[in-house]
Structure formats: structure tokens, C-alpha cells
Amino acid sequence: MEDLLRTGYLLCTHLVPENSSIVPISRLAVSRAGSPYGFEVDGRFLTQSALAYYLRYAFVASHLDLDHVDTIVELGSGGGKQVEVLKRLHPKVTFVLLDLPAQLYVAERYLHVALPRDVVPYRAMREPGPPSLIPGKIHFLSNARIADLADTGRTLFWNAASFGEMEPDVVEQYGADASRFSDWLFLHQCFDGKERNSAEDLGGVLDPVRFAHYVRAFPDFRMLDKRPAHTGLAYLREGDGRYHDTFWARRAP
Amino acid sequence: MPRESQGSSHLADQGLVFVTNDTQGDPAGSEARRERALQVEDDLDLLDLMLADHAVAPERFQPTSYWRHRIGEIVAELRTGLHDFQARVGSLLETFGACDPPPTMMTNIVNIPPGDERAVAETVRMLNAYLASGAPALRMGSRWRIY
């Protein structure tokens with residue numbers, strides 16, 4: 001099904017206007033570490049998820065030149081592949097990945113192979129207190145360390161779907177944490193809320209996080225844009241709800 | 001048997017592993033071949049360290065309802081190793097975007113007549129392998145013309 005993936009690639013190439021600050025996908029290749037399924041274009045290896053991560057990047061970069069950002073903090077960094085895409089397109093940016101230990105472990109191990117010169121090992125960042133971030137490097141921290149972050153410069157806070165896997169009060173607390181150090185927000189969410197926990201599905205949420213909860217969690221920020229999220233092959237859905245990409249900026253004082 | 005081999009064979013026994021290295025054609029150039037062989041190194045001491053560090057974090061940072069029921073199985077899968085983890089079909093690591101598995105069309109076939117399960121599973125496996133090898137998914141090939 002390389003034809004489908006190449007169609008998604010073409011979509012990515014046509015979406016980006018010329019003379020913009022968005023780095024074209026023709027400059028992107030991702031690692032083959034762990035044997036992902038993918039395809040090659042002009043000798044560059046890409047995957048289906050790389051297309052989706054690129055489109056999220058392109059949405060953000062249509063509002064903000066990431067070369068003017070010092071730090072990107074991703075809460076819920078998962079396997080680390082979004083950061084890989086961002087880092088390859090904007091090598092000077094500093095990254096902080098925050099997640100639960102199992103997810104953080106996979107990201108740490110994967111990025112050690114994908115971007116070996118750019119990572120700071122988890123073991124080097126364990127000391128409690130404000131972490132000493134190394135400019136241009138990728139750092140791995142437990143999600144609890146979000147409370148320690150300070151002095152991160154011009155900072156973009158990135159959350160793709162993981163807020164939807166929490167309850168509203170937890171998102172509100174994270175919102176307070178992130179608001180301390182962030183200048184902009186990228187929130188990729190199903191703003192209708194995820195499925196509830198039930199006897200049949202214990203893995204749902206207790207109380208879905210909806211758009212109004214995000215507004216309440218980030219009172220210092222104003223949403224500037226909201227568009228349906230696309231993976232390169234299809235719009236992203238959650239049951240009856242759709243995922244949206246949203247970009248927020250801090251309100252003027 | 002090493003841990004990662006145990007994990008791979010366990011998943012393979014369930015028909016859940018589909019390794020792209022076996023299905024894609026060889027790329028031109030030795031650099032691409034070296035890159036293709038890249039694997040992610042296990043470090044289970046690091047995993048245990050991360051788990052221990054997180055265990056003492058305040059309650060609000062512990063897994064929410066969504067993750068609480070998955071996390072034990074995810075950690076168990078990680079302990080089997082990360083060899084070819086991105087190629088695993090049906091892996092719990094997919095729940096947080098860690099995988100890019102090969103095509104898995106028609107995995108939700110229901111009401112298969114008793115006794116036909118094996119034949120249907122084999123047919124689906126062959127179709128998926130065909131798609132993964134680069135066959136087009138869309139009906140546009142040399143026999144189709146666009147006017």
C-alpha cells in the first residue's frame with residue numbers, strides 16, 4: 001500500500017505554501033530503528049505516523065516559526081516520534097519530554113538510536129529540582145517533574161491527545177503547571193471527550209475532558225486557530241468525535 | 001532463551017508479529033541496509049529506575065483511569081524486549097504511538113463459519129503481506145486509464 005502512503009506524502013507537499021517558515025517535508029527522513037513499516041522518497045525513509053506528525057508540525061509552524069522558539073515541552077510524548085520529526089526539522093530547539101515511565105522508557109531508548117548526538121540520558125536528569133537543560137538537546141523527565149520546569153525561554157507547550165486520557169481536574173492542574181513557563185500551546189485533542197470508563201471497558205476515562213475544560217485550564221491563553229486534524233490519509237476521529245489541532249497564544253497583559 | 005526472543009516468539013505464536021524487514025524489498029545502497037538493521041537497545045535497569053522514581057511521585061501524577069488498566073501489561077511487554085517493536089501488530093505499545101506496523105486490512109471479520117477460521121486467517125495474512133510488500137491498495141495500475 002505504498003501508493004496510499006505516497007498519496008499522503010503528496011498531500012503534505014501541497015499543503016505547505018512556498019516562502020513560508022514551514023520546513024517542507026522534502027527535508028524530512030525518520031529512523032528505521034525498531035523496524036517500522038514505511039516507504040522511501042528520493043532515498044529518504046518515512047512512515048505513516050511521520051506524515052501525521054509532520055502535519056501537526058505544519059499546523060503549528062503556520063502560526064509560529066519554530067526557529068524562534070527556545071524550548072518545546074511535550075507532555076505525553078509517547079514513543080518520542082513527534083519530537084524526532086520536530087528535532088530533525090528544527091535542530092536548534094531544546095526539547096523536554098514528560099510522560100509516565102513506560103512511555104518515557106520507549107522514547108528514551110528509541111531516540112538514543114534515532115538521534116544519538118541529541119539526547120541527554122534520563123539518568124543524567126534525575127536530580128530533583130529545576131533541571132539544567134542543555135540547549136539544543138532532548139531531555140527525558142517523569143511527568144511529575146513538570147512542576148520543576150523553569151527558565152525555559154520562549155516555550156511552546158505540546159500536548160497531543162494525552163490530556164484526553166485524564167480527568168478534568170488533573171488537566172486543570174497540569175494547565176497551571178504549564179502556564180508558568182509556556183508562551184504558546186499546541187493542543188491536539190478530541191474536544192468532545194474520550195469514551196467513558198464502563199464495565200465492558202475499564203480503560204476509559206471517568207469524566208471526559210471537553211473544550212470548556214481546556215479553556216478553564218488555560219485562562220491566560222487565547223485560542224487562535226482550530227482545524228480538523230488530518231493524518232495524511234484521513235481525518236482523525238474518536239467514535240463520533242473528531243480530533244482537532246488548536247494553537248493558543250498567551251493573552252496580552 | 002534471551003528475554004527479547006521469548007517476547008517475539010510469544011507474539012508470533014499469536015500471529016501478532018509481522019516484521020517489515022522480511023517483507024520490503026532490499027533498498028539500494030549499503031548505508032540503507034545498515035540503517036535497516038538498526039535495533040533499539042533494551043535497558044531493563046533503566047525501566048526499573050524510571051518506575052521506581054515515578055512510584056514516589058504525588059498521586060496527581062500517577063496513571064489516570066485510562067492508563068491504570070493498561071500499564072501493567074505494557075510494562076510486561078517492555079520486559080520482553082524492544083526488538084522490532086515498531087513492526088508489532090496488536091502491540092500495547094501502539095496505544096501510545098510507538099509503532100508503525102505494516103498494513104492490517106480486514107482484521108475485524110466477524111461471523112466466520114465454524115471450521116473456516118484458519119482459512120480466513122491465512123487469506124487475510126497473505127493479503128496483508130501482499131500489501132506490505134508494496135502492492136497498490138488503490139485500483140489504479142497499468143490497466144487503468146484516467147481520461
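In which kind of crossing does H4(A) pass H3(B)? Keep that in mind while we get our bearings. What you have above is a predicted model, where local features need a pLDDT of at least 70, side-chain atom pairs count only at pLDDT 80 or more, and totals for chains, interfaces and linings use all residues. Residues are numbered from 1 along each chain as its sequence is written, while chains are lettered from A and ligands numbered from 1 in the order in which they are written.

Back to the helices. H4(A) goes past H3(B) in a right-handed crossing. The rule is that a crossing is right-handed if the near helix is turned clockwise from the far one by less than a right angle, and left-handed if anticlockwise. The helix and strand labels come from DSSP runs numbered from the N terminus: helices are H or I runs of at least four residues, and strands are E runs of at least two. The contact between this pair is made by A:Pro101, A:Leu104 and A:Tyr105 on H4(A), together with B:Leu46, B:Leu47, B:Met50, B:Leu51 and B:His54 on H3(B). Here, two residues are in contact if their C-beta atoms, placed from the backbone, lie within 7 Å. Sort the residues of this contact and you get seven nonpolar, one polar and no charged. In this sorting, Ala, Val, Leu, Ile, Met, Phe, Trp, Tyr, Cys and Pro count as nonpolar, Asp, Glu, Lys and Arg as charged, and the others, Gly among them, as polar.

Two packed helices are described by the angle between their axes and the distance between the axes. For H4 (residues 101–114) of chain A and H3 (residues 44–55) of chain B, the angle is about 145 degrees and the axes are 9 Å apart. Axes are lines fitted to C-alpha atoms, for helices over the stretch in contact, and angles run from 0 to 180 degrees between N-to-C directions.

Now zoom out to the whole contact between the chains. Chain A brings 45 residues to the contact and chain B brings 51 residues. On chain A's side, the elements giving two or more residues are helix H1 (2–15), strand E1 (38–41), helix H2 (48–61), H4 and helix H5 (168–181). H4(A) gives the most, with nine residues. Overall, chain A's side divides into 20 nonpolar, 16 polar and nine charged residues. The predictor gives the complex an ipTM of 0.93 and a pTM of 0.86.

Let's look at chain B by itself. Chain B has six helices and zero strands. Of its 147 residues, 23% count as buried. A residue is buried if 20 or more other C-beta atoms lie within 10 Å of its own, exposed if 12 or fewer, and partly exposed in between, with C-beta atoms placed from the backbone.

How far can you trust the picture of chain B? The guide is pLDDT, the predictor's confidence in each residue, from 0 to 100. Chain B averages a pLDDT of 75, and 68% of the residues score at least 70. Over residues 1–31 of chain B, pLDDT stays under 50. Where pLDDT is low, the predicted coordinates should not be read in detail.

Over in chain A, find E1(A) and E2 (residues 44–47), which run antiparallel and are joined by four bridges. Two strands pair if DSSP finds at least two bridges between them. A:Asp42 counts as exposed because it has 6 C-beta neighbours inside 10 Å.

Another positive phi in a residue other than glycine belongs to A:Asp151, near 55 degrees. A:Asp151 is found in the loop between strand E6 (138–142) and strand E7 (155–160) of chain A. A:Asp151 is exposed because it has 12 other C-beta atoms within 10 Å.

Finally, is A:Thr155 buried or exposed? A:Thr155 lies in strand E7 of chain A, and it is buried because 22 other C-beta atoms lie within 10 Å. Not counting residues up to four places away in sequence, A:Thr155 touches A:Asp70, A:Thr71, A:Val73, A:Phe181, A:Ser182 and A:Asp183.
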